[in-house]
Amino acid sequence: SDLDRVLKVLNDSLATEIVCVLRYRAHYYGARGLNAMPVAAEFLQHAGEEQVHADRLAERINQLGGTPEMNPDTLMSRSHTEYNTPEALLDMIKEDLVAERVVIQAYTEIISWLDHGDPTTRRIFEDILAEEEEHADDMLTLLEHNT
């Protein structure tokens, strides 16, 4: 049914956001080197914002009568993004930029797929998308300043 498809899309996106929280946190704790402080601060801020996204998606799943799926065993298979924690700060930034671009692409398609069928869910994705676009811009700026 349509509802089942919407719940699957929400749960896959929830998995994505959780993986993004974990990746940004890992990068925060792994950030080393001369310019690491401001970059690490950015990683931590993004981790917090991705957690807010995860919570919004989980709340929406509840509202629609579904169950937010947070089983660590299946997180990676359901996530739109990879989980990589490179050693070098620059590679962390690149990794996060790639992930943000993947999420932007996925959520743009989801928004267009939801169209007028579920305006509330669509609005949630639109709000999240706007923040993911800011995150991508932030990573691009960090990349330019650290190369």
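**Ground rules**

I am working with a predicted model, in which local features need pLDDT of at least 70, side-chain atom pairs count only at pLDDT 80 or more, and totals for chains, interfaces and linings use all residues. I number residues from 1 along each chain as its sequence is written, and side-chain values use heavy atoms, with hydrogens and water left out.

I take helices from DSSP runs (H or I, at least four residues), numbered from the N terminus. Two packed helices are described by the angle between their axes and the distance between the axes. My axes are lines fitted to C-alpha atoms over the stretch in contact, and angles run from 0 to 180 degrees between N-to-C directions.

**Entry: α4 and α5**

I started with helix α4 (residues 89–114) and helix α5 (residues 119–145). Their axes come within 9 Å and cross at roughly 155°. That makes α4 roughly antiparallel to α5. I count angles over 145 degrees as roughly antiparallel, under 35 as roughly parallel, 65 to 115 as roughly perpendicular and the rest as oblique. I noted the crossing of α4 and α5 as left-handed; that is, the near helix is turned anticlockwise from the far one by less than a right angle.

I then sorted the contact of α4 with α5 by class: 17 nonpolar, 3 polar and 8 charged residues. In this scheme Ala, Val, Leu, Ile, Met, Phe, Trp, Tyr, Cys and Pro are nonpolar, Asp, Glu, Lys and Arg are charged, and the others, Gly among them, are polar.

**Entry: α2 and α5**

How do the axes of α2 and α5 cross? I found them crossing at roughly 170° and coming within 11 Å. α2 is thus roughly antiparallel to α5. I listed residues in contact (heavy atoms within 4.5 Å). Among those of α2 are Val 39, Phe 43, His 46 and Leu 57, and the α5 side includes Ile 124, Phe 125, Ile 128 and Leu 142. By class, the contact of α2 with α5 divides into 8 nonpolar, 5 polar and 9 charged residues.

**Entry: α1 and α5**

α1 and α5 pack at about 25°, with axes 13 Å apart. They are therefore roughly parallel to each other. Their crossing is left-handed. From α1 the contact takes Val 6, Val 9, Leu 10, Ser 13, Glu 17 and Tyr 24. From α5 it takes Thr 121, Phe 125, Ile 128, Glu 132, His 135 and Met 139. I sorted the contact of α1 with α5 into 7 nonpolar, 3 polar and 2 charged residues.

**Entry: aromatic rings**

How many aromatic pairs does a search of the whole structure find? I got 3. Rings of Phe, Tyr and Trp (its six-membered ring) pair if their centres lie within 6.5 Å; planes under 30 degrees apart are stacked, over 60 edge-to-face and the rest tilted.

Tyr 24 and Phe 43 make a tilted pair, 6.2 Å centre to centre with 40° between the planes. Tyr 24 is in helix α1 and Phe 43 in helix α2 (residues 36–63), 19 residues apart. I checked burial next, where buried means under 20% relative accessible area, exposed over 50% and partly exposed in between (1.4 Å probe, protein chains only). Tyr 24 is buried at 0%, and Phe 43 is buried at 0%.

Tyr 107 and Phe 125 make an edge-to-face pair, 5.2 Å centre to centre with 75° between the planes. Tyr 107 lies in α4 and Phe 125 in α5, so this pair ties together parts 18 residues apart in sequence. Tyr 107 is buried at 0%, and Phe 125 is buried at 0%.

**Entry: single residues**

Cys 20 lies in helix α1 (residues 2–30). It is buried, at 2% relative accessible area. I see Cys 20 touching Glu 50, Thr 81 and Val 103, not counting residues up to four places away in sequence.

Leaving aside neighbours within four places in sequence, I find Leu 142 in contact with Val 39, Glu 42 and Ile 93. The C-alpha atoms of Leu 142 and Glu 42 are separated by 9.1 Å, though these residues are 100 apart along the chain.

Ala 130 is partly exposed, at 37% relative accessible area.

Methods. Helix = DSSP H or I, 4+ residues; strand = E, 2+ residues; numbered from the N terminus.
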